[in-house]
Every structure is written in C-alpha cells, then in structure tokens.
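This report goes through selected local features of one protein model. Please keep the sequence and the structure at hand while reading.

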Amino acid sequence: MALQQSFNLMIRPPPSSSSSTMASQVVVGRSQSLFLASSKFDFRLPYSVRKLKCDFANSATRALVRDTGESVEDHHPIAGDNDSSSPDGISSTNINDYNQVVDGELRLPERDFTGTAYVPIYVMLPLGVINMECELVNPDDLINHLKILKSIKVDGVMVDCWWGIVEAHVPQQYNWNGYKRLFQIVRDLDLKLQVVMSFHECGGNVGDDVHIPLPQWVTEIGCGNPDIFFTDRDGRRNHECLTWGIDKERVLRGRTALEVYFDYMRSFRVEFDEFFEDGAISDIEIGLGPCGELRYPSYPAKHGWKYPGIGAFQCHDKYLMKSLKKAAEVRGHTFWGKGPDNAGSYNSRPHETRFFCDGGDYDGYYGRFFLNWYSQILVDHGDRVLSLANLAFEGTAIAAKVTIYKKLSGIHWWYKTASHAAELTAGFYNPCNRDGYAPIASMLKKHDTSLNFTCVELRTLDQHEDFPEALADPEGLVWQAAIE
C-alpha cells in the first residue's frame, strides 16, 4: 500500500471568524508556525515544513522520509535550531540550502519522489472557495495569497470539486465555471493542482466552515426513497453520502450510483483536458464515502457521537439489508440476515457491549460472517469506483501519469483493545487476530492507486495524555497500514 509522499497543508478558518472574511489557517500537527497574514487570509506555514526541503539534504540527523512518506525524527528539526539572525528563526545558512534544494537539481519533474530529498508541498484551499452558484469567491484576495504561496516555494494547491455544486439542479448538467477560473489562476501562477472528486456533503464535520449539500435532485429522490442513504439500526438516515447499496441500483433518475460517479468524473476529464495535457493537474483524489474517505459514516456528530465512542453499524437501508440476507442464505443460515442487536450505541465503550467486549460475539460464527460481509461491501465499493476512475481519466499520455489517490480514514481509538470496535463499525475488519487492511491494500495495488492516510501526524503519547480511556494508538495503526 503506497502512502502519499507529499505534504497537504489544510487551510481552515478559525471557529470565531465569519465566512465573509475567509480567514484561514494551516493545520499540521503540532508544528511551530510562521505567520503570513492579511485581512482576508491567514496562512500559517509550519516552520518545520519551511525547513523540510533543505533539512533532508542538509543533515542525516534531521527529519527523514521513508518510502512510505512517514516522517521520522532522529533529532527534532525545530528544538534548539532557531537563529536570531532571521526574524522567523531560520538561519541564513538554512535559507541558502533551502534555495539550492528547491531551485537546483533536486526539484524533479516526476510525480514519484521516493528516494529523493524532495517532498512536494500542497496547500488545501478553503472549502468555500467556490460558492453554491459555482462562482469563485474573492478572486483578487485569492490571487494575492497564491502569490505568497508561490514565493515560499509551495508546489501547488488542493481543491475539492463538489458534486453538490457542479451537478446541483439537473442530472448530467454540469456547471464548471468557477473551477475553470480558479484553475486558470493557479496555472498562470505556475502552481500545480491536486483535485478531489467530492461526492459527499460538506458540513457538520471537524473543520467544516461551509455547508455544501448533495445535489438538489438527489435530495428530492431521497425524500421519496430515504433508503438511498446510509441508515443505522434505529432508522436514522445519514445524508452525507449515498449508501453503497445503490452502486448497481437504477434509482437515480434511471442511473446507478456508479454511473453517476463515472459521468461526473468523465465530464471533469473532458472539460479540463488542457489542464491535463499541460500537466497543471498533477493528482486526482477520488471521494469514496463520508468526508471523501473509504469508510462507513459510523461516527456522525449529527447523531450525537462523541469521541471516543465506538460508533454504530450503518447497513440498515433496504439495499444493504437485501445484500446481507442474500449472503446469509448462501451460507445456509437465513437467521444471520440481520445486523447485530448487541453492539451498543454510538457512544458505547467496547466492554459495555456483548458484541465488542473481550471474547464477544464479534469473534463468534455469526460475528465473523457479518463482519466479513460488512467489510467486503466497503472493499467492493472502492474497487468499482476506482475502476471507473481509471477509465474516466485515461485518454492521453499525460493522463496516465496523473496519480489517483484514495483517502482512508485512520480510526485509531480502541486500537489497543482486542476487537478494535471503532474500526469494525467503520468497515475495517481489523481485530487483533486479523489484518483488516490487507484486502484494501490488494485492491489499491490492483488499480495502481496511492493512499492518502488521515492520521499520520498524530502521536500515540498525545492521545494517551488527552484521552487515556480511548486506548488509542495512531502510530501503531499507521505502521500497520504502511507495511501493507
């Protein structure tokens, strides 16, 4: 399983700011930050990232990047390094080394930087940079701040192309106008683009400062057929994305969900052909579930979930239940064709349930059957969508070089328990006696797809200090995923 070898810095507005000011900040772990501020944007670029490119070439004792892209510090790249000769703490020697690395031969044109001293840096644009009318918001301010990013040698930007904006009102009528203008501005500044095909709702999650629903015509279908959405045992629907149960069901005005995703991706590929041809678009990330991640929406805050709750299984729409019943019949146990009734609720702890406790039903005959089916639905969905993504983005020589990424959620809480309950409800069949990420790795390898893992910056010690009861181990999880 290939982990993404680049830094994506996420720009998010602080909670106290208004959406009109578009104040934003880069969130990267616990790194110290430099300030580049103005009245509209506030880019906080980590000191360690600014020094990253020169440090790789400058000292063997500094942060090293393995083939997986994981950062390993033999000596902390920040502590004790601040030089008063520079206002931001970077010494003149390091600045010279930095410029040599960025402007010299180490700046390679290829997308694979494995084994080199160069790590690309991309900054994620604000979620609301394109409004619901598909218009670019505050273009003059955006240009000024993109120039700042360019001046400090950032490689490019990452932007979501929201399904709910582009195909908002009528099926197969796509409005790309705002994205066209944005992409032209980025290309004119000689920056690269990482583009996310976002088939989920924006809003209600950590860091979401705007609300972008699914397309209006999809919502209208859902009013008459709410089973197109993921559903928990109590019948609560999650409108963040479509259930994988309709991947092959023609319930979206005569199309299946897979056909809808493919048509959208192909429209994008055709509309922005020139940006693929000239290499302005370097990477495509495919959204595969809630928050764009390949997982079930098992821990929605809108349904009352709070960290470190185990979450809840999301398979009770009629389409997934039909699949479960059919699988149970094939096994000769028709009474297995239902979800667990002893798995607790969103905020339960593993030991409080008969399903997830040590020696619980998760490891019994029915539990193993159900979890195999539940996790296979996840793998099959990823397999189908990535197959169509590879088809949608083929067609030119440069398209073959575009890296396709898949985003995988790092469910690290309860990792030190036997059942790994939070992972199980999210669709990762990864208890202590089974490797749940091997099937996902095999699927990614099949499609020559890289992995964007969401918890690589977290440290286990920090989790133990803040939530010792969660028995979390993000570093252990990253290690397991990386060796696949």
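The model is predicted.

**Helix packing**

| Helix pair | Axes come within | Crossing angle |
|---|---|---|
| α4 (residues 139-151) and α6 (residues 177-188) | 10 Å | roughly 30 degrees |
| α8 (residues 257-271) and α11 (residues 365-392) | 9 Å | roughly 30 degrees |

The axes of α4 and α6 cross at roughly 30 degrees. Angles under 35 degrees count as roughly parallel, and α4 is therefore roughly parallel to α6. The crossing in which α4 passes α6 is right-handed. On the α4 side the contact involves Pro-139, Leu-142, Ile-143 and Leu-146, which meet Arg-181, Leu-182, Ile-185 and Val-186 of α6. Sorted by type, the residues of this contact are seven nonpolar, no polar and one charged.

For α8 and α11, the axes likewise cross at roughly 30 degrees. This angle makes α8 roughly parallel to α11. A right-handed crossing is found for α8 and α11. Helix α8 contributes Leu-258, Tyr-261, Phe-262, Met-265, Arg-266 and Arg-269 to the contact, while α11 contributes His-381, Arg-384, Val-385, Leu-388, Ala-389, Leu-391 and Ala-392. Nine residues of the contact of α8 with α11 are nonpolar, one is polar and three are charged.

**A hairpin**

Strand β10 (residues 229-231) and strand β11 (residues 237-242) run antiparallel and are joined by three bridges. Leu-242 in β11 is the residue opposite Phe-229. Five residues lie between the strands of this hairpin, and Gly-235 takes a positive phi near 85 degrees there.

**An aromatic pair**

There are 42 aromatic pairs in the structure. One of them joins Tyr-174 and Tyr-264, with the ring centres 6.2 Å apart and 70 degrees between the planes, and is edge-to-face. Tyr-174 sits in the loop between α5 (163-166) and α6, and Tyr-264 belongs to helix α8; the pair thus links distant parts of the chain, 90 residues apart.

**Backbone features**

Most residues other than glycine have a negative phi, and most peptide bonds are trans. Two places in this model depart from that pattern. Cys-134 is not a glycine, yet has a positive phi of about 60 degrees. Cys-134 lies in the loop between β7 (121-124) and α4. The peptide bond joining Tyr-307 and Pro-308 is cis, with omega about 5 degrees. Pro-308 is placed in the loop between β12 (281-286) and α10 (318-331).

**Two residues and their contacts**

Which residues does Val-251 contact, leaving aside its neighbours within four places in sequence? They are Ile-221, Asn-225, Ile-228, Ile-246 and Tyr-319. Val-251 itself is in the loop between β11 and α8. Its C-alpha atom is 9.9 Å from that of Val-218, and the two residues are 33 residues apart along the chain.

Lys-407 is part of strand β13 (residues 403-408). Between Lys-407 and Glu-293 the C-alpha to C-alpha separation is 4.8 Å, although they are 114 residues apart in sequence. With neighbours within four places in sequence left aside, the contacts of Lys-407 are Glu-285, Cys-291, Gly-292, Glu-293, Leu-294, Asn-452 and Thr-454.

Definitions and conventions. Residues are numbered from 1 along each chain as its sequence is written. This is a predicted model: local features need pLDDT of at least 70, side-chain atom pairs count only at pLDDT 80 or more; totals for chains, interfaces and linings use all residues. Side-chain values use heavy atoms; hydrogens and water are left out. Axes are lines fitted to C-alpha atoms, for helices over the stretch in contact, and angles run from 0 to 180 degrees between N-to-C directions. Helices (H or I, at least four residues) and strands (E, at least two) are DSSP runs, numbered from the N terminus. Angles under 35 degrees count as roughly parallel, over 145 as roughly antiparallel, 65 to 115 as roughly perpendicular and the rest as oblique. A crossing is left-handed if the near helix is turned anticlockwise from the far one by less than a right angle, and right-handed if clockwise. Contact means heavy atoms within 4.5 Å. Ala, Val, Leu, Ile, Met, Phe, Trp, Tyr, Cys and Pro count as nonpolar, Asp, Glu, Lys and Arg as charged, and the others, Gly among them, as polar. Two strands pair if DSSP finds at least two bridges between them. Rings of Phe, Tyr and Trp (its six-membered ring) pair if their centres lie within 6.5 Å; planes under 30 degrees apart count as stacked, over 60 as edge-to-face and the rest as tilted.
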